[in-house]
Amino acid sequence: MFGCSSCDFYLDILCASLPTIIRHEAHQRALASRKVCNVICSICSGNVQGFVFECGGCSFILCYFCALLPSKFTHRWDKHPFLLTYSPVENHMDEYYCEMCEREVNPKRWFYHCVDCDQSFHTGCVETFFSDLHLNVKFGDTLKVDKHSHLLSCVRCPKNNCQQPSCNSCGGLLLKDSMAFECAPCK
């Protein structure tokens, strides 16, 4: 976290490191970062509280999770790369099934696809493939914050599907398996 104690302003590592304007190959115009409350991501249809990338010329909104998806990934199951696909693949417009969860993939939403092997993944199902994001993080370390009476522990966000936790500071939703600081006594 980055912070200024004299004016009581703090930013977590993710918010501090993201650019204010991006270009994304899925949209023709530049997207600007904006703080929002209860908007819907144009890609995943998730309800977003916190920050999004938004087009000033239309109603295109991209949540940070979708904006940060890698354009391709490789996996030990397949020698070819899986490419982030923004529309149905030609000659295969009807049915796609996720190799991880075995449920149908909506071809009108972003998904990963290997054209050579004709295999697909939901974007949410491949989160576990990107597990090296926190290689240098020492989970379990504690931190004392002035505005809280207990020590906070560095943890991976819970992987429960019941309710997605949100940051008590900015209100942004915490993605599964992302890094956060948690108060064990207060939850």
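## Basis of the values

The model is predicted, so local features need pLDDT of at least 70 and side-chain atom pairs count only at pLDDT 80 or more, while totals for chains, interfaces and linings use all residues. Residues are numbered from 1 along each chain as its sequence is written, and side-chain values use heavy atoms, with hydrogens and water left out.

## Overall composition

The chain has two helices and 13 strands. Helices (H or I, at least four residues) and strands (E, at least two) are DSSP runs, numbered from the N terminus.

Of the 187 residues in the chain, 31% are buried. Buried means under 20% relative accessible area, exposed means over 50%, and partly exposed lies in between (1.4 Å probe, protein chains only). The chain has an accessible surface of about 12,200 Å², and carbon and sulfur atoms hold 52% of that surface. These areas come from the Shrake-Rupley method with a 1.4 Å probe; for residues, only the protein chains shown count as cover. Among contacts in the chain with a separation of 6 or more, 41% are between residues 24 or more positions apart. Contact means heavy atoms within 4.5 Å.

## The sheet E11-E12-E13

An open sheet is formed by three strands in the order E11-E12-E13, with antiparallel pairing. Strands E11 (142–143) and E13 (179–182) stand at the edges with a single partner strand each, so one side of each has no neighbour in the sheet. Two strands pair if DSSP finds at least two bridges between them.

E11 and E12 are joined in the antiparallel sense by two bridges; leucine 143 has leucine 152 in E12 as its bridge partner. Strand E12 (residues 152–156) pairs with E13 over four bridges, also in the antiparallel sense. Across this pairing, cysteine 154 stands opposite phenylalanine 181 in E13, and arginine 156 stands opposite methionine 179 in E13. In a regular strand the side chains alternate between the two faces of the sheet.

## Aspartate 141

Aspartate 141 lies in the loop between E10 and E11. With a relative accessible area of 39%, aspartate 141 is partly exposed. Neighbours within four places in sequence aside, aspartate 141 is in contact with Leu152, Ser153 and Cys154. The C-alpha atoms of aspartate 141 and valine 155 are separated by 8.4 Å, and these two residues are 14 residues apart along the chain.

## Serine 120

Serine 120 belongs to strand E10 (residues 119–122) and is buried, at a relative accessible area of 2%. A polar contact of 2.6 Å joins the side chains of serine 120 and histidine 113. Such a contact is a pair of N or O atoms within 3.5 Å; within protein, one must be able to donate a hydrogen and the other to accept it, and residues adjacent in sequence count only if both atoms are side-chain atoms.

Not counting residues up to four places away in sequence, serine 120 touches Tyr96, Tyr97, Cys98, Glu99, Val105, Phe111, Tyr112 and His113.

## Salt bridge

One salt bridge is counted, defined as a side-chain nitrogen of Lys or Arg within 4 Å of a carboxyl oxygen of Asp or Glu. The partners are glutamate 54 and arginine 34, whose closest N and O atoms are 2.3 Å apart. This pair links distant parts of the chain, with glutamate 54 in strand E5 (residues 47–54) and arginine 34 in strand E4 (residues 31–40), 20 residues apart. Arginine 34 counts as partly exposed at 37% relative accessibility.

## Aromatic pairs

There are seven aromatic pairs. Rings of Phe, Tyr and Trp (its six-membered ring) pair if their centres lie within 6.5 Å; planes under 30 degrees apart count as stacked, over 60 as edge-to-face and the rest as tilted. For phenylalanine 73 and tyrosine 112, the ring centres are 5.0 Å apart and the planes stand at 85 degrees, so the pair is edge-to-face. Phenylalanine 73 is in strand E7 (residues 72–75) and tyrosine 112 in strand E9 (residues 111–114), 39 residues apart, and the pair links distant parts of the chain.

Phenylalanine 73 is buried at 6% relative accessibility, and tyrosine 112 is buried at 0%. Phe73, Phe82, Tyr112 and Phe121 form one aromatic cluster.

## Histidine 27

Histidine 27 sits in the loop between strand E3 (21–22) and E4. Histidine 27 is buried, with a relative accessible area of 10%. Residues up to four places away in sequence excluded, histidine 27 touches Cys55, Cys58 and Phe60.
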